[in-house]
Amino acid sequence: AFARRVVGAVEAEETETRALRLATEAKAHSPQPPRACWATALDFDLSCVPQVRDAMPQLSDAFAAMAKVTRITSVRFAGSGRCKLRKELGVQPDSAVQMALQLAYARDQQATPATYETATTRRFAHGRTETIRVTSAASAAFTSAMADSAAEADSAMVAKRGVALRAAMREHGEWAAACVSGMGVDRHLMAMRIAAAEAAMETPQLFRDAAYARRQTRRVYAAHAPPVRRLCAACAPPVRYMQSTGKGAAWSRMVLCSCDSDRGHALAV
C-alpha cells in the first residue's frame with residue numbers, strides 16, 4: 001500500500017510538470033501583444049480623396065474662426081481631492097464636480113442648463129459612448145436651495161442644502177452607472193430619429209415635442225478624463241450652437257479646464 005501511494009504521488013508530480021511545460025511552450029509560441037511605443041506621425045495621402053483635400057482650406061478657416069472666439073481657463077482645486085471625497089465623504093468625485101458645474105452655471109446665468117456628459121460603453125463589443133443626463137429634478141432642487149444667500153446662517157437651511165446635494169449626486173451616480181451598463185436612452189433615440197429620416201418618414205411626434213427639443217439644446221458640455229499622471233484635459237465647442245452660447249468643461253483628477261464660447265465668465269470650481 002505504501003508503494004502504491006509513492007507511485008501515485010510520483011505520477012501526479014510528473015503529470016503536473018508535463019502540464020506546466022506544455023503551457024510554457026504554448027505561451028512561447030503564441031503571438032505577443034505589441035509593446036507600447038511613442039506616438040509617431042502618420043502620413044496622409046489626400047491625392048486619392050479629392051473631396052477631403054478640397055475641403056481642407058474651408059475646414060481650416062472654420063477651425064481658426066472657432067478658436068478665435070473660444071477661451072480656455074484651467075483651474076486647479078487644491079482644497080480637496082478624489083480620495084477625500086470618496087473615502088471620507090462617501091461621494092463620487094465626478095458627481096461632485098458635475099453638481100458644482102450646475103451650481104456655477106445657475107449662479108452665472110440664473111438658469112438650469114441642459115447638460116451633456118459622456119459615458120463610455122467600452123465594456124460592450126464595439127461600444128462607444130452614451131449620454132449622461134446631468135440635469136435632473138434633483139440637481140435643479142439643489143441649485144434652487146443654494147440660491148438663497150440669506151440662509152447662510154440658518155442651520156436648518158444648511159442641512160437642507162446638504163440633503164439636496166447628496167440627493168442630486170446620488171441620482172447622477174445612478175444614471176451614470178445605468179449609461180455605462182447600456183441602459184441609457186439618448187443613443188437609442190438618436191438611432192430611431194436617423195432611421196426615420198433614412199426611411200423618408202415624417203418626423204415622429206416624440207422628436208417634435210418642445211421638451212425633447214429643449215433637452216437637445218445643450219448649454220453645457222462636461223467630460224471626465226482620468227489621466228495616468230496630472231494632466232489638463234481641454235475641450236472645445238463640439239457643435240455650432242456652442243460657438244455662440246455654450247460652455248464646456250473637462251476635468252481631470254481635480255484640475256478643471258473650462259471652455260467658454262460666450263462673452264460671459266468661464267465656469268470655475
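**View 1. The lining of the second largest pocket counts 11 nonpolar residues, one polar and one charged.** Here Ala, Val, Leu, Ile, Met, Phe, Trp, Tyr, Cys and Pro count as nonpolar, Asp, Glu, Lys and Arg as charged, and the others, Gly among them, as polar. This is a predicted model, in which local features need pLDDT of at least 70, side-chain atom pairs count only at pLDDT 80 or more, and totals for chains, interfaces and linings use all residues. Residues are numbered from 1 along each chain as its sequence is written, and side-chain values use heavy atoms, with hydrogens and water left out. Of the 13 lining residues, Ala96, Met99, Phe142, Leu165 and Met169 lie nearest the pocket centre. A pocket is an open set of points on a 1 Å grid over the protein atoms alone where a 1.4 Å probe fits, with protein on both sides within 12 Å along at least five of seven lines; lining residues have an atom within 4 Å of a point. Both α4 and α6 (155-180) supply at least two residues of this lining.

**View 2. Helix α4 spans residues 93-109.** Helices are DSSP runs of H or I with at least four residues, and strands are E runs of at least two, numbered from the N terminus. In α4, 13 of the 17 residues are buried, meaning under 20% relative accessible area, while exposed means over 50% (1.4 Å probe, protein chains only).

**View 3. Gln110 follows α4 with a positive phi, near 55°.** Gln110 sits in the loop between α4 and β2 (115-120), and is exposed at 63% relative accessible area.

**View 4. His126 has a positive phi, near 65°.** Look for His126 in the loop between β2 and β3 (129-133); at 80% relative accessibility, His126 is exposed.

Key: The expected span of a helix is 1.5 Å times one less than its number of residues.
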